[in-house]
Amino acid sequence: MASTALSDARWIDRGEERTSLPRFLLWLSPWALLLAVGVYASGLCLYYGLNQTNMDNRFAFGLWIFLDLGIIALGAGAFFTGFLVYILKRAELKPILNTAVVVGLICYSGAVAILMIDVGQPLRAWFTFWHPNTHSMLTEVTFCISCYLLVLSLEYIPILLRNRQLRRIPSFLVFEHQLHKVVPVLAAVGTLLSFFHQGSLGGLYGVLRGRPFAFRSGVLIWPSTFFLFILSAIASGPSFLLLITAIVEKVTGRKLVAEEVYRRLAFISGVLLATYVAAKSIDTLIWLNYTSPAAGFAPWQYYQHKPFGTPILFGEIVLFGLVPALLLTFRKTASSRGLLLTAAAMACTGVLLNRFVLTVQTLAVPTLPFDEFLHYTPSWQEVASFAGVIAYGVILYSLSYRYLPLFPPRQGKDSHVSGN
Amino acid sequence: MFPGIDGFHWSFGHVVFLSLFFAVVLTILVTIASSAWRATQDFRNHRAIDLWWRSQFAELPLADRRCRHELAGRVISRTCDNAFDCRHCDKYSQFAVLPSTGNVSSTGLEYWRDRYYHRGHTWVETAQDGTVTVGLDELADHLVGTPDSVALPEVGEEVELNQTAWRMNKNGREIRVRAPIEGTVLAIGGAQEGWYLKMRPRLDLREPGTLRHLLRGPEVQGWFTRELERLQLQLRAPSTPAALADGGVLLPDLMNVLPEADWDTVLADTFLEA
């Protein structure tokens with residue numbers, strides 16, 4: 001029996017059990033506090049400029065870019081799931097489609113917010129569209145991320161309009177009905193945009209001739225990192241989705257999707273991760289033996305600066321690449337919930353490690369004879385800004401989970417009596 | 001961005017890049033615009049209301065979507081897949097000829113043989129002059145008792161089938177009463193007369209299919225019995241195992257008698273709210 005005092009029950013789908021409103025608000029409050037601190041820190045960066053950070057002309061990419069690249073890769077589950085469901089007609093993944101859209105929206109909107117703080121001068125943001133430098137990978141990234149964020153927002157609208165109260169408004173429901181019909185078009189556009197901007201983010205490092213640690217040869221105008229970023233993103237995206245769903249199941253104590261969905265996500269992630277590891281290994285061998293020596297650098301030079309020794313390369317390719325790929329691919333290991341989640345977490349760690357290495361190690365290792373190995377520690381404003389983004393993500397996901405149909409209706413929803 | 005803007009070059013790469021960008025933006029904008037346009041067309045062609053109802057119907061629990069023939073005992077089990085639109089149901093005639101074997105025991109609730117009943121707990125009574133009267137049935141009346149406020153439609157207003165005919169407010173909860181038939185409101189009855197609408201139906205009452213979507217006779221009996229069972233389960237005391245009372249009648253003004261009950265669920269089931 002529901003109490004009428006301080007209740008939001010009429011906003012929650014029938015048959016769905018949610019914690020009481022006071023408890024929900026209690027859960028949100030620390031995240032709201034963190035978000036407030038993040039907004040304050042971001043405000044400082046926007047008002048006073050990047051002197052609030054510990055970045056400088058040499059270390060122009062720091063925590064923000066590393067985590068941006070990381071969450072954009074992990075958010076790839078959104079476009080890839082849409083691609084699998086709408087384009088390849090893999091209906092078995094439909095139960096996680098809505099949650100994939102929300103996770104993708106959080107990742108991309110969070111990344112765009114941080115990028116805007118990093119670039120600064122938000123009032124001049126339109127310059128990048130009005131006067132684009134079409135020779136820059138970053139221009140492609142800017143265009144694609146902006147468009148894809150718009151696509152994700154449009155994909156989120158039908159989910160939002162399915163709220164129990166909002167769907168009572170005829171115009172909303174009819175618009176949602178029509179919008180839902182064109183979602184496959186949006187999914188196709190999203191796939192194209194994601195494909196290119198994930199690639200361009202990788203290509204950005206691959207074209208850095210002045211940074212031989214990152215510079216790669218490739219195909220036509222695209223360095224190998226262009227393709228590796230796409231592969232690693234679509235490999236880790238499903239793992240991240242799997243992990244998020246498992247965490248939400250644990251927190252809420254509810255079974256949200258069938259085991260088969262987990263196994264399917266794991267298999268897709270595993271096979272793609274194995275392909276990525278193979279491609280990355282070949283790329284590394286070519287780089288070690290041809291690209292880097294051609295630029296006048298012996299490979300060992302990059303790995304003599306602690307903590308960036310060879311173990312980090314081993315970790316990236318084997319420990320957080322090959323191992324989770326095998327664990328996720330084989331049905332026997334993927335059937336164990338513990339191993340499955342460990343493997344998914346390792347796959348996500350692997351992609352984060354890759355982005356960290358390319359962002360931080362690339363800038364830290366000396367290139368010129370008079371260069372020194374650089375250290376960089378983010379300022380509290382950088383950390384707080386990003387923590388604010390994480391808090392925003394948790395809040396938006398929590399609100400979406402509570403009030404929107406992110407997962408299929410629970411078993412027994414058709415019962416007359418709530419809770420039976 | 002455009003020819004004439006600083007930074008634009010008529011180079012191959014520039015034109016290809018910007019063309020791709022504009023193609024993508026155009027696709028996105030056309031997609032949104034087409035959805036909005038089609039939604040507007042749905043409203044103009046009166047498809048919107050039907051779409052809305054069908055979408056809401058699909059969200060109802062299975063127990064609320066039982067076919068009238070199951071309620072009358074003509075079939076053992078059947079879920080309606082046509083949003084209660086028996087007028088256009090190709091299965092209607094197939095089952096309607098079967099004998100009714102449903103429950104005929106007394107429910108303690110009155111219902112009139114000459115009235116037609118809608119699943120949203122309203123009835124329709126036809127008059128010789130081709131008009132109809134619409135009111136709230138006994139079960140809904142027992143639940144709500146005296147509403148705190150009622151918002152009836154204006155005289156002359158068009159009311160659509162399965163859409164909100166009028167709204168009531170009771171103990172801070174809004175109750176939307178669904179219209180059992182489409183038509184124009186001719187007169188309204190206030191609290192003294194027992195809230196009702198007098199309407200001129202849009203469709204001709206002489207046509208046999210006009211009121212076909214509404215329940216009659218044994219269907220009403222079977223439906224009331226199920227609704228009472230549902231209420232007994234939903235209104236039982238907390239932590240009490242599910243059990244059905246063998247006798248007794250429904251108390252009036254239940255919302256005041258049992259204020260702690262889960263009225264969100266009870267009212268949603270009663271008035272077909274998803």
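Is the crossing of H10(A) and H13(A) left-handed or right-handed? I find that H10(A) and H13(A) cross in a left-handed sense, where left-handed is the term if the near helix is turned anticlockwise from the far one by less than a right angle, and right-handed if clockwise. I note that this is a predicted model, in which local features need pLDDT of at least 70 and side-chain atom pairs count only at pLDDT 80 or more, while totals for chains, interfaces and linings use all residues. Residues are numbered from 1 along each chain as its sequence is written, chains are lettered from A and ligands numbered from 1 in the order in which they are written, and side-chain values use heavy atoms, with hydrogens and water left out.

**Entry: H10 with H13**

The contact (heavy atoms within 4.5 Å) involves Glu259(A), Tyr262(A), Ala266(A), Leu273(A), Tyr276(A) and Lys280(A) on H10(A), and Arg337(A), Leu340(A), Ala347(A) and Asn354(A) on H13(A). I sorted these by class into six nonpolar, one polar and three charged residues, taking Ala, Val, Leu, Ile, Met, Phe, Trp, Tyr, Cys and Pro as nonpolar, Asp, Glu, Lys and Arg as charged, and the others, Gly among them, as polar. The axes of H10(A) and H13(A) lie 11 Å apart at an angle of about 40°; axes are lines fitted to C-alpha atoms, for helices over the stretch in contact, and angles run from 0 to 180 degrees between N-to-C directions. Helices (H or I, at least four residues) and strands (E, at least two) are DSSP runs, numbered from the N terminus.

**Entry: H2 and its two partners**

I then turned to H2(A), residues 63–74, whose axis comes within 10 Å of that of H14(A), residues 380–403, and crosses it at roughly 20°. The crossing of H2(A) and H14(A) is right-handed, and Leu63(A), Trp64(A), Leu67(A), Asp68(A) and Ile71(A) of H2(A) meet residues of H14(A) that include Val383(A) and Phe386(A). That contact has six nonpolar, two polar and two charged residues.

Against H13(A), residues 337–364, H2(A) packs at about 145° with the axes 9 Å apart, again in a right-handed crossing. Among the residues that meet there are Phe66(A) and Leu69(A) from H2(A), and Leu352(A) and Phe356(A) from H13(A). By class I have nine nonpolar, two polar and one charged for this contact.

**Entry: chain A with chain B**

The contact takes 44 residues from chain A and 51 from chain B. The buried area, being the accessible area (1.4 Å probe) that two parts lose on being put together, summed over both, is about 4400 Å², with 66% from carbon and sulfur atoms. I count three salt bridges between the chains (a side-chain nitrogen of Lys or Arg within 4 Å of a carboxyl oxygen of Asp or Glu), and one of the salt bridges I looked up joins Glu59(B) and Arg167(A) at 3.8 Å, N to O.

**Entry: backbone**

Most residues other than glycine have a negative phi, and most peptide bonds are trans. I noted a cis peptide bond between Lys306(A) and Pro307(A), with omega about 5°, and Pro307(A) sits in the loop between H10 and H11 of chain A. Asn171(B) has a positive phi, near 50°, and is in the loop between strands S6 and S7 of chain B.
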